[in-house]
There are 2 protein chains.
Amino acid sequence: MKWYLETGPEGDVVISSRVRVARNLAEYPFPSRMKPEQAKQVEEAAKKALLDSGDKLAEGFEFIDMSKLTPARAMSLAERHLISPDFAKKRGGALLLNNDESVSIMLNEEDHIRIQTLFAGQRLDEALALAGKIDDIFDRSLKYAFDENLGYLTQCPTNLGTGLRASLMLHLPATAASGAMPELVAAVSQLGIAIRGTYGEGSAALGAFYQISNQVTLGVSEKETVDSLSGIAAQIIAQERAARDAIGKSGPALEDRIWRSYAILKNARVLSGEEFMTLVSDLRLGVTMGIIDSVSLETINGLICQAQSATLMTSAGRNLDASDRDVLRANTVRGALA
Amino acid sequence: MKWYLETGPEGDVVISSRVRVARNLAEYPFPSRMKPEQAKQVEEAAKKALLDSGDKLAEGFEFIDMSKLTPARAMSLAERHLISPDFAKKRGGALLLNNDESVSIMLNEEDHIRIQTLFAGQRLDEALALAGKIDDIFDRSLKYAFDENLGYLTQCPTNLGTGLRASLMLHLPATAASGAMPELVAAVSQLGIAIRGTYGEGSAALGAFYQISNQVTLGVSEKETVDSLSGIAAQIIAQERAARDAIGKSGPALEDRIWRSYAILKNARVLSGEEFMTLVSDLRLGVTMGIIDSVSLETINGLICQAQSATLMTSAGRNLDASDRDVLRANTVRGALA
């Protein structure tokens with residue numbers, strides 16, 4: 001089962017947990033300064049290190065030459081958070097992706113190797129443990145760029161040290177509705193934590209889906225990083241639940257909005273991506289609050305991926321203009337909620 | 001069966017047909033200049049003339065002293081088009097109303113006697129015939145104010161002559177959407193026909209429900225009046241049907257709007273009167289175009305009456321503030337469409 005078709009611990013608020021570690025090979029320049037043949041060599045070395053390792057964890061991986069994917073298929077990987085949007089657009093590098101899409105390894109994105117693990121719900125510890133095991137597999141046969149004082153060397157200095165970025169995708173509709181987000185963003189940034197929109201840096205928080213992640217990679221251990229993020233997340237989760245209780249008791253307006261959003265999702269014939277995210281956010285809130293019991297969180301989580309533009313086009317097997325895509329999105333959503 | 005729970009000829013466009021004749025008694029001043037005891041005498045005389053006539057048509061009438069109704073119950077009669085909104089607010093006069101609400105006779109509204117007949121669909125001829133028969137009953141025992149040259153005398157000179165106002169309630173969503181209404185209003189006014197909002201003069205055309213009626217009462221016969229209105233209505237109906245065909249072929253936007261409106265009506269927990277009229281207009285259009293087949297026009301026609309504010313309060317048996325009324329309206333609509 002793909003991670004995004006599931007739900008996990010604290011699933012009412014936490015959509016998913018993600019850990020990413022950045023690694024580079026000592027004998028090669030960083031990707032931005034590599035020659036094409038060096039890039040090829042790095043990709044081949046990484047592929048071999050994993051697939052020929054004989055490790056049980058290395059089974060079921062596919063090697064994807066990113067330059068051979070259609071733009072829609074590449075962007076669909078980004079929509080499922082398996083690669084970065086920048087990597088999808090770059091049309092170079094390679095990807096190692098396992099069956100259930102819980103491990104995706106970008107080769108020659110910003111760094112030579114970026115190992116990423118993804119789980120539904122609040123499972124940062126598992127995500128970190130799995131990333132560590134994949135890291136160990138590479139470490140056995142590759143020579144990482146590592147400095148005794150600085151730790152892992154990365155192309156961008158903001159990743160120096162652990163090279164670790166841990167993040168949680170949170171659904172905070174009640175916190176957002178209460179107007180408390182700017183305050184929350186300011187407070188956690190003091191603690192070295194960033195809150196961003198759905199697709200990371202610079203993206204909008206459509207439907208009140210937010211990504212929180214650590215900003216510090218130097219001078220802290222991997223475990224400290226994840227524990228700190230989990231601790232802060234626990235407070236945000238508690239605050240969101242309290243805000244949901246409060247709006248749930250404030251008259252019929254919320255219930256009305258949730259039922260309308262659900263009704264539109266089930267009946268619309270044309271649905272833009274933005275409107276979908278807003279409506280599905282209401283639906284998700286309604287399900288977690290027990291207002292709507294005929295839809296599962298798994299269905300919603302899956303739908304959030306399936307209804308993204310490139311993923312829709314990938315399912316359709318062809319490129320679609322915006323208006324045809326909005327019709328297909330509406331059909332897909334109606335089908336999933338029928 | 002009440003007329004507004006039915007549908008009739010040309011029911012895709014024509015909600016209802018109405019004929020009203022204004023009559024006054026020769027021996028009394030017009031209502032605005034009457035003394036209270038004279039008003040009482042007129043009401044008693046009219047009541048007696050009808051109820052003691054022995055005519056089969058006079059069976060099943062109720063005599064209602066308007067001053068004894070609650071404001072909500074009085075306004076509910078206006079919402080069902082049985083009396084004028086002004087008469088509902090006046091809290092004086094009386095009403096003779098038959099069982100199926102096809103005949104309502106206002107006593108001491110603007111004139112001493114205003115006979116009104118109402119049918120679902122385009123049935124102006126039947127409405128005129130029935131009004132004529134009721135008129136004959138009164139004429140047998142009362143002495144009407146009548147002038148050989150002017151015809152029936154009425155308080156307002158715009159009703160002199162036949163005292164007849166024939167009207168059709170039309171649903172013109174496609175004509176309205178195409179922007180053709182101002183042109184249509186101008187064209188028919190040249191022909192002595194007015195187009196107004198749902199509740200007559202000065203009211204807005206919520207949900208593209210329009211009332212068309214004759215303006216001329218002098219120098220034309222009753223039959224000419226009704227034939228002329230029916231002829232013009234036939235052209236408006238044809239134009240509306242053509243406009244529906246055209247928008248039906250113009251992509252998924254209309255279908256999308258209709259399904260969304262239906263979905264919101266079936267799921268909202270709070271529904272204002274204005275939003276209801278807009279949404280039910282879309283639903284009605286969807287049913288007449290065959291886009292939605294699970295709701296009947298009869299259900300919709302009935303709902304348009306039942307969901308009006310005063311009628312809601314009358315059903316609830318108590319006064320409600322606007323927000324409670326919007327909740328009750330949503331419940332009533334959900335119940336009717338379930």
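Buried area is the accessible area that two parts lose on being put together, summed over both; the views below are all taken from a predicted model.

**View 1. The interface between chain B and chain A.** Between chain B and chain A an area of about 1,300 Å² is buried, and carbon and sulfur atoms give 61% of this area. Of the area that chain B buries against chain A, 42% is supplied by B:W259, B:R260 and B:R269, more than by any other three residues. The contact involves 14 residues of chain B and 14 residues of chain A.

**View 2. Charged and polar pairs between chain B and chain A.** The count of salt bridges between the two chains is 2, and in one of them A:E275 pairs with B:R260, with the closest N and O atoms 2.7 Å apart. Residue pairs in polar contact number 8, counted where both residues have pLDDT 80 or more. Helix α8 of chain B (residues 253-267) gives the most to the side of chain B that touches chain A, namely 7 residues, and by class that side has 8 nonpolar, 1 polar and 5 charged residues.

**View 3. The two domains of chain A.** Chain A is assigned domain 1 (3-243) and domain 2 (252-337), whose centres, taken over C-alpha atoms, are separated by 26 Å. Together these domains of chain A bury about 1,800 Å² between them, with 64% of it on carbon and sulfur atoms, and A:E79, A:L206 and A:F209 supply 25% of the area that domain 1 buries against domain 2, more than any other three residues. Across this interface the rule finds 0 salt bridges, whereas 9 residue pairs are in polar contact, both residues being at pLDDT 80 or more.

How values were computed. Residues numbered from 1 in each chain as written. Chains lettered and ligands numbered in written order. Predicted model: local features only at pLDDT ≥ 70, side-chain atom pairs only at ≥ 80, totals over all residues. Heavy atoms only, no water. Contact = heavy atoms within 4.5 Å. Buried area = accessible area lost by both parts, 1.4 Å probe. Salt bridge = Lys/Arg side-chain N within 4 Å of Asp/Glu carboxyl O. Polar contact = N/O pair within 3.5 Å; in protein donor to acceptor, adjacent residues only side chain to side chain. Helix = DSSP H or I, 4+ residues; strand = E, 2+ residues; numbered from the N terminus. Nonpolar A, V, L, I, M, F, W, Y, C, P; charged D, E, K, R; others polar. Domains from an automatic or database assignment.
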